[in-house]
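Here is a short report on helix packing and the nonpolar core of one protein model. Keep the structure open while reading.

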Amino acid sequence: MQNILFFGDSLTAGYGLANAAAESFPAIIGQKITAAGLGYRVVNAGLSGDTSAGGLQRIDYWLNQPVSVFVLELGINDVIRGMAPLTTKNNLQTIIDKVKAKYPNAKMAIMGMQMPVFLHSPVAGQFMQIFTTLAAANNISLVPFFLDGVAGVRNLNLPDKLHPNVDGYKVIADNVWPVIQKLLL
């Protein structure tokens, strides 16, 4: 059994769900993996509120177990906290470097983010380029916008309008599955 490590923030952890172990994005991907008969164990290393700096501090712990596929979903909390896009990019690159150093054969994907409408600022373009730049520089798979088809859709989000509900995560998993499935075959 190989491990697929989902490393992210509340969007990976399944914040606000009644049963994150069964309803979160990694859990739904895990159901798709099982249905496809693929031999992977899903590890959900999501931490609500985490930033790229927080992820950098905790990545070594999660790399103590073998990793065959690494899915990185961090960065949006950096924007909310006013971190410079270059800092976010450098932190994410260091996380990628640590995974590559420990598991050089691990396949990787990065989940891109876009700025929420209420956070538009002069750095919006810089932030949105981070994910495309990192994917190209590291030759890793990219999902351009993790929340595509879910962000801003009332019936797919919790009452906070920021976090997907279980139906929202089903849409996300359907969108992301083709990218992840390629890494598993």
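## Basis

This is a predicted model, in which local features need pLDDT of at least 70, side-chain atom pairs count only at pLDDT 80 or more, and totals for chains, interfaces and linings use all residues. Residues are numbered from 1 along each chain as its sequence is written, and side-chain values use heavy atoms, with hydrogens and water left out.

## Helices α6 and α7

Helix α6 spans residues 85–102. Helix α7 spans residues 124–138. Helices are DSSP runs (H or I, at least four residues), numbered from the N terminus. The axes of α6 and α7 come within 9 Å and cross at roughly 25 degrees. That makes α6 roughly parallel to α7 (angles under 35 degrees count as such). Axes are lines fitted to C-alpha atoms over the stretch in contact, and angles run from 0 to 180 degrees between N-to-C directions.

Residues from α6 in the contact include L92, Q93 and I96; those from α7 include F131, L134 and N138. Contact means heavy atoms within 4.5 Å.

## Q93

Q93 is found in α6. Leaving aside residues up to four places away in sequence, Q93 touches L134 and N138.

## Nonpolar core

The largest nonpolar core has 58 residues. Its largest share, 9 residues, comes from helix α8 (residues 166–184). A nonpolar core joins buried Ala, Val, Leu, Ile, Met, Phe, Trp, Tyr and Cys residues through side-chain atoms within 4.5 Å; buried means under 20% relative accessible area (1.4 Å probe, protein chains only).

F146 is among the residues with the most contacts inside this core. Beyond four places in sequence, residues that F146 touches include F25, M111, I172 and V176.

Key: Helix = DSSP H or I, 4+ residues; strand = E, 2+ residues; numbered from the N terminus. Buried < 20%, exposed > 50% of the residue type's maximum accessible area, 1.4 Å probe, protein only. Parallel < 35°, antiparallel > 145°, perpendicular 65-115°, else oblique.
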